[in-house]
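Me: I am new to this structure and would like to know what stands behind the words used for it. Could you show it to me and then take my questions in turn?

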Amino acid sequence: MITMNKAMVIIFSLVFSISLNAQQVGDHTFDPVINNPVYPKEKGSIVLIDEAHVNFHTLEGRFQPFANVLKKDGYVVKASKDPFTEESLSRGKILVIANALNEVNLQNWKLPTPSAFTDEEIKTVVTWVKNGGSLFLIADHMPFPGSAEELAAAFGFKFYNGFCMKKESGKDIFSKKKGTLSDCGLTTGRSDNERIPFLQTFTGQAFEIPEEAEAVVTLNDEYEVLLPEEAWQFDKNTKRISANNLVQGAYMKFGKGRLVIFGEAAMFTAQTQRGQRKFGLSAPSAKHNVQFLLNTIHWLDGIIE
């Protein structure tokens, strides 16, 4: 149980974190070496990054390092600035939706958090995946799960619109050794050099998966989900539930298509705060995250089974 003194320290640190969000930018100095690119330069599948839904992460913004990793692997990465229609989705093979928001929550990270997508868009995305498209849906901590929960539910996933946090201090490291990281195509890759022994995430959310899906990152009793009324605002009355056996990453085939869902976004890009603290792909403790990103895209592309 968290004592009151400890709770106050946590509250102070998290409120301080939200004050830094405006200084949270893509780390454009991040330049990883890709030793075995899957495609020649600009000859790979087209990856669309959604920018039509008030996205916190965009191609030229916080997800530029994400895009650069894919480009070094030969992929063609484009911004998708139009609402989801059959025509707009036909422009690419893989659709990445990272931290979409309803416009009412752009400067207001508190409840309610309505869907970022119309009912018609959700139906269109589901049909597109069923017919062979590949979706990489990323929804970080509150308010982002609320904005994407209807889209996730259309595929059978249940999001918790909160914060998945470790009860005690320490990095969020998930490993095969601890049984919190599964042994699957996304963590074995194409060769021994692409195997992932552990991953690091950076807070995020937790969710439930349908029977057809496979967990990649599984949470244990070291974690709990905090469900505040407003992002980063916690007190002794904030609702908490156990995160034990919830997941933070999962994948599944859906009809002819493929789907990967993660409840954390920073792990897939490189960022800095106030030009100093590096996190995500830039963090020394996240040294396997770049390869995991590539493995994930390779699975969505049908290169890995």
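Reply: Let us start with a term: buried means under 20% relative accessible area, exposed means over 50%, and partly exposed lies in between, with a 1.4 Å probe and protein chains only. Helices (H or I, at least four residues) and strands (E, at least two) are DSSP runs, numbered from the N terminus. This is a predicted model, where local features need pLDDT of at least 70 and side-chain atom pairs count only at pLDDT 80 or more, while totals for chains, interfaces and linings use all residues. Residues are numbered from 1 along each chain as its sequence is written, and side-chain values use heavy atoms, leaving out hydrogens and water.

Me: What makes helix α5 mostly covered?

Reply: Helix α5 spans residues 144–153, and seven of its 10 residues are buried. These are F144, P145, G146, S147, A148, L151 and A152. They pack against β4, α4 (119–130), β5 and β6 (158–159).

Me: Why is V69 called buried?

Reply: V69 has a relative accessible area of 1%, and the cut-off is under 20%, so V69 counts as buried. This residue is found in helix α2. Contact means heavy atoms within 4.5 Å. Leaving aside neighbours within four places in sequence, V69 is in contact with F30, P32, I34, L281, V290, L293 and L294.

Me: What makes a group of residues a nonpolar core?

Reply: The members must be buried Ala, Val, Leu, Ile, Met, Phe, Trp, Tyr or Cys residues, joined through side-chain atoms within 4.5 Å. The largest such core here has 54 residues, and F136 and F268 have the most contacts inside it. Helix α7 gives the largest share of this core, seven residues. A second, separate core of 42 residues includes F56, F144, F157 and L259.

Me: Which residues does F268 touch, leaving aside its neighbours within four places in sequence?

Reply: F268 is in contact with F63, F66, F136, I138, F262, L281, F292 and L293.

Me: Why is the unit of β2, α2 and β3 called right-handed?

Reply: The name applies if, with the strands pointing away from the viewer, the path from the first strand over the helix to the second runs clockwise. β2, α2 and β3 make a β-α-β unit of this right-handed kind.

Me: Why are β7 and β13 edge strands in their sheet?

Reply: Three strands form an open sheet in the order β7-β12-β13, with antiparallel pairing. β7 (163–166) and β13 (239–242) each have a single partner strand, so one side of each is left without a neighbour in the sheet. Four bridges join β12 to β13, and the bridge partner of E224 in β13 is S242.

Notes
Two strands pair if DSSP finds at least two bridges between them.
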